[in-house]
Amino acid sequence: MAADTASLINWSLLALEPPGWGGVLLAGLLNSIKIAIGGYSLGLILGTGGAFGKLYGGPVLKDLLEVYTTLVRAVPELVLILLLYYAGTDLLNQLMTAIGYGPVDISGLAAGIFVIGIVQGAYSTEVLRGAIKAVPAGQIEAARAFGMSPGQIMRRVTLPAMLPHAIPGLSNLWLISTKDTALLAVVGFSELTLVTRQAAGSTKAYLLFFCAAGALYLALTLVSNVIIRLIEARARRGMAAPA
Amino acid sequence: MTVRAEAIAVENLHKRFGPLEVLKGVSLTAHEGDVIAIIGGSGSGKSTFLRCINMLELPSAGTVTIHGETIAMKKDGHGGMMPADRKQVQRIRSRLGMVFQNFNLWQHMTILQNVIEAPVHVLGVPKAEAVERAEALLRRVGLYEKRDAFPAFLSGGQQQRAAIARALAVQPHVMLFDEPTSALDPELVGEVLTVIGDLAKEKRTMILVTHEMKFARNVANHIVFLANGVIEEQGPPEEIFGAPKSERLKKFISSIH
Amino acid sequence: MTVRAEAIAVENLHKRFGPLEVLKGVSLTAHEGDVIAIIGGSGSGKSTFLRCINMLELPSAGTVTIHGETIAMKKDGHGGMMPADRKQVQRIRSRLGMVFQNFNLWQHMTILQNVIEAPVHVLGVPKAEAVERAEALLRRVGLYEKRDAFPAFLSGGQQQRAAIARALAVQPHVMLFDEPTSALDPELVGEVLTVIGDLAKEKRTMILVTHEMKFARNVANHIVFLANGVIEEQGPPEEIFGAPKSERLKKFISSIH
Amino acid sequence: EQLKVGFAAEPYPPFAAPDASGNWEGWEVDFMKALCAEAKLDCVITPVAWDGIIPALTTKKIDMIIGSMSITAERLKTIDFSDKYYNTPTGIIGPKGEDFDATPEKLAGKTIGVQVATVHQAYANKYFGEAGATIKEYQTQDEANNDLAAGRLDAVQADAIALGAFLDSDQGKDCCELKGNVKDDPDILGAGVGVGLRQGETELKEKINAAIKAIRSNGTYDEFSKKYFDFDIYGG
Amino acid sequence: MSDDNTIGAMALTELPDRKGFLKPHRIILMAIAAVLVFCAAWFMRWDWLPEYGWRLAQGVGVTLLMLFSTCILGFLFAVPLGLVQVTGPWPLKMLARGFCTIIRGTPLLLQLWLLYYGLGSLFPQFPAIRQSFLWPYLREAWPYGVAALTMSFAAYEGEVMRGAFAGVPAGELEAGRAYGMSRWTVFRRIWLPRAIHRALPTLNGETVLQLKATPLVATITVIDVYAVVSKIRQMTYLTYEPLLLLALIYLCLTAILVVAFRALENKIPTRGA
Ligand SMILES: Nc1ncnc2c1ncn2[C@@H]1O[C@H](COP(=O)(O)OP(=O)(O)OP(=O)(O)O)[C@@H](O)[C@H]1O
Ligand SMILES: Nc1ncnc2c1ncn2[C@@H]1O[C@H](COP(=O)(O)OP(=O)(O)OP(=O)(O)O)[C@@H](O)[C@H]1O
Ligand SMILES: [Mg+2]
Ligand SMILES: [Mg+2]
């Protein structure tokens, strides 16, 4: 058993070149980041649409969006990921078959982005809705009084004006999306957590690899925090210092 | 008085909010160069009337004509009316400069950006030209130094002057003011009134809702007293303030002082 | 005047915040039944003085004696002083009723709970007895009906009256008031002053910092004028307000009206 | 057209496990390569979570399963199988020095680890669970082995070959030994391991059956098997 | 970062209000939903339900046990974590901040595996541990699940409590001192209850988030409701039905949590908002 204790600090296991597993871990991290960025962006798009729909849409649209955000926020991500992973791609395939195309190939990456995106979409709907509501009505009225079209008002006034209110929430969402990618391990997608488990299982150096992966996630979070702080400082230029 | 062109003509305007009829048929004509002050008690419908002119509130009945062009309206199916042509409304709005009680400057833009926003993005003025004109306007209202500041960092009076510059930037046919000084601390009111007074001297067409009677008297050439959703009395300031006819107006004027 | 026992005696109190010496040797004695009003310009150290009495601020030098018991102090190693016996301070504090400018009612408790809190949890009064006494006090300040409301739902004046009831509930030897009405809207000041005036009539020992000169004059039997960290002048109200001696006090009194 | 071959994403040595450069290797990988070459199929390895591998097949995320999956009546209700391509007995291992064997009586009161969604899970629950043993289910065989080494389990039931590989490893050598093979029950343990296929895809099934037969007879099968085993894994 | 207002967006903390709920279009939508539910009930396979009903109930029990034990334990840790960050000496402050940052910066799934497979596999190498009275517990999976979930809750809630402690008006604490309360009494009677009161709406959201984190323990062999459903999926080879049922179960649990917290919050009304 002494051999095992020694392998705890067998740093060569982390070497970038095989037989070290560092390269695999980094590739996993890259996959995680790709999914996080993709899912987050998709979520933002869905969220923007959702927020405007919830605020200005018709009654039916509002209710449907309410159902969407309620369901997603009440059911564990792990369950949603399983449901969406199977049902989502299944439905898409059936749809494609129904309209005449054959079943499409959905890569693990696309499926991952889709799943994280749907989950994130519900959260960002709520974050953005709150932020839009925080924009004083008078600012939008002023834009109307100057003859802006609804599209222009949204682009030129509503969206930029709500940004300072949305950024804390959106940054939290980003951090959540980086961590939620770990859940895709349960569907066998080789992001950082799964490759860590594979590496750990193959080498039996569980502690070493889990700690290494933890450090990578933490680094991602810390780097994100720095960037978020820069963005926030920029977006809040127009806001008076809190009293 | 009739040789000047009509800038705004409002015909028999009605507005109801649910069961409450706020405007019960108001007609008003402003010619080029007119400065019309609308006075009246709180809740008498002054703001509503002003907001109906540029369709921020949709009138229930009646027509609004700006520079000879009547805003086409159609029934909206709920017993109210809506603009027949949204593009037309946007075009007409861009020719009316509105100044709000709460300034409503866009907080995420600097003062200069606020002023060039509508010229550039609504009227399509080239940016360089818009900046040049905006700087001239800001100099005029005494805010040239503050052009790169964000609104939140200005005093109320400065913000309101910036809002006036923003409204002037679209070269409006008519300026509309809704109680431009009532959200200001007393010591800041003067600077804003001076700017508006200067505009009046230039014979710019203006309709302004105000509680500042002395100012209305000095600046306007026509006073409209609104009460209970109708024009109770109107006329030149000397008559309205000097020799009010209706009981309501008499009471209103005495209550002010 | 000397037959009455000493309620509070402060000897040569000094207090410095870093380089700033706020109190430069203040001595004051209050006998049983005295109502002492402390007046003075903003920043003259009135609040600091009051807070030093119950050790919310630690004095840099000097002694405080409450009912004959001097608070034991020791050096704290940074050139300041600290209480030698924390238990003693707690015991003495529980005999002083303090009323703050911002009421500082505990927001998570009802009014009644606020009032019984210190008697039950500091003095160890049985709960039933504390409630009974608290209800009597609340009736006295006119808040009996509100006893189960939370502070956030009361007006400022009501909150301050509740704070007074809370301070009275510990049956304090001395009541300390720090500008009890300056956070209130003008129309609410009266109700609080009435309550304090009633306490004064009962000959309850009180030290109060206030900006309400008329009130101080009517209620206090001794006025202390603090300026620049020292007692510039003191005496009965008629003398202080009627025939001020020092230049500073004269200027201060004239600036008030 | 590419065929996606579902492998369990969890390492299952010596049959399939990713190495440090992310490549999959092991007996089943070699088997798949030989099979696809023989049947002239363009195959790609697609790792899928083991407990969702059958849904992945039925929802067309993958086109076949090569995952040491035993052919059982229960599974045949949902998917189809090719002919068997290997068959090995089922073994039980436990810590050295503990005295028990692979019978329900001796295992009563013990905690037995099995991989979830395997024939071993079903078998252990039926024979040992009913006899008073606690059955603990793991996502991967590897974790079950690891918990045995960590003393959190008293025994592990699995495919004898997979267990052999573990007993040969550094970790397994020190701690554990084979306690015996379990009594066979073809209803549960199945008739060997086959390639999992969607129902109704007979054309593919026939192609694969033919290929299995071909590599068996032309010696390819024995050739790559030699690298891993010193006995005939195809079984009787 | 302002977590407080974000958590409402992350986790469901409000349910639709009842008044004015029935509007014409809603009736149509509900009819459609009813048809969908009927289709699901009719065309999907639910015959396995009776067979697994008891196990599902047990699974829900384990899930709730996990939820409540870790929330309570986590909260007990969160209080000192938050307090230390507001008033503690700097080494403790840094320690608490570091703990919160690390836990919040890494996925819970990873922490769970690190504890169970990483740390857990080290223990048996020390005979002292193996012979100690703790060993029967360390052999089990649930202590690791409880530990990981507790730490996670403590870190997130610790951050919330930091804000809550810092946000209690200094004047109220001073009033406590002015009435002769000892430091401990001020903390027990004023600071802590007031901070908890302030944190309650956020606590609601955090608890819902914690409920949603519990299924992760299924990956380390704890048999919660998620694990039961996974098992059903494997036994029946059904893809959707068990998952839909699982989603429904969590939906109900969330709704119960939200209602319970609402009742708790209403005990001490706050003005406005
Ligand atoms: N959006 C609305 N919905 C319902 N009622 C409204 C709305 N806007 C205004 N009203 C009502 O219409 C009446 C007139 O309002 P308006 O703001 O025009 O008065 P005003 O003369 O501008 O008063 P003030 O001097 O106080 O600004 C008021 O009774 C007001 O309550
Ligand atoms: N905690 C502190 N740290 C540093 N300086 C302080 C502190 N508290 C008070 N001061 C300073 O001490 C001086 C006296 O303050 P104090 O609050 O006693 O004045 P005051 O007479 O009560 O004034 P006011 O009438 O405005 O309440 C002021 O200059 C103030 O800035
Ligand atoms: Mg108005
Ligand atoms: Mg003071």
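Let me start with one contact in chain D, where the side chain of Ser82(D) reaches the backbone nitrogen of Val195(D) at a distance of 2.9 Å. Before I go on, please keep in mind that this is a predicted model, and that the distances I quote are computed from it.

Staying with that serine for a moment, Ser82(D) belongs to strand 6 of chain D, the strand that covers residues 80-86. Is Ser82(D) buried or exposed? Its relative accessibility is 3%, and because buried means under 20%, Ser82(D) counts as buried. For a sense of distance within the chain, Ser82(D) and Ala49(D) are separated by 33 residues in sequence and, from C-alpha to C-alpha, by 21 Å in space.

Let me now move to chain C and to ligand 2. Which residues come nearest to ligand 2? There are 13 residues around this ligand, and of these Ser42(C), Gly43(C), Lys46(C), Ser47(C) and Thr48(C) come nearest. Looking at individual atoms, a polar side-chain atom of Ser42(C) lies 2.7 Å from an oxygen atom of ligand 2, while an N or O atom in the side chain of Thr48(C) is 2.5 Å from an oxygen atom of the ligand. Gly45(C) takes part through its backbone, with an N or O atom that lies 3.0 Å from an oxygen atom of ligand 2. Taken alone, ligand 2 exposes 640 Å², and the protein buries 60% of that area. The elements that give two or more residues to the shell are strand 2 (20-31) and helix 1 (46-53) of chain C, and it is helix 1 of chain C that provides the largest share, with 3 residues. Sorted by class, the shell around ligand 2 consists of 8 polar, 3 nonpolar and 2 charged residues.

My last stop is in chain B, where Gln90(B) lies in helix 2, which runs over residues 86-93. With a relative accessible area of 11%, Gln90(B) is buried. And which residues is Gln90(B) in contact with, once its neighbours within four places in sequence are left aside? They are Gly147(A), Met148(A), Ser149(A) and Pro150(A), so this glutamine of chain B is buried and has its listed contacts in chain A.

Notes
Residues are numbered from 1 along each chain as its sequence is written. Chains are lettered from A and ligands numbered from 1 in the order in which they are written. This is a predicted model: local features need pLDDT of at least 70, side-chain atom pairs count only at pLDDT 80 or more; totals for chains, interfaces and linings use all residues. Side-chain values use heavy atoms; hydrogens and water are left out. Helices (H or I, at least four residues) and strands (E, at least two) are DSSP runs, numbered from the N terminus. Buried means under 20% relative accessible area, exposed over 50%, partly exposed in between (1.4 Å probe, protein chains only). A polar contact is a pair of N or O atoms within 3.5 Å; within protein, one must be able to donate a hydrogen and the other to accept it, and residues adjacent in sequence count only if both atoms are side-chain atoms. A residue is near a molecule or strand if one of its heavy atoms lies within 4 Å of it. Accessible areas come from the Shrake-Rupley method with a 1.4 Å probe; for residues, only the protein chains shown count as cover. Ala, Val, Leu, Ile, Met, Phe, Trp, Tyr, Cys and Pro count as nonpolar, Asp, Glu, Lys and Arg as charged, and the others, Gly among them, as polar. Contact means heavy atoms within 4.5 Å.
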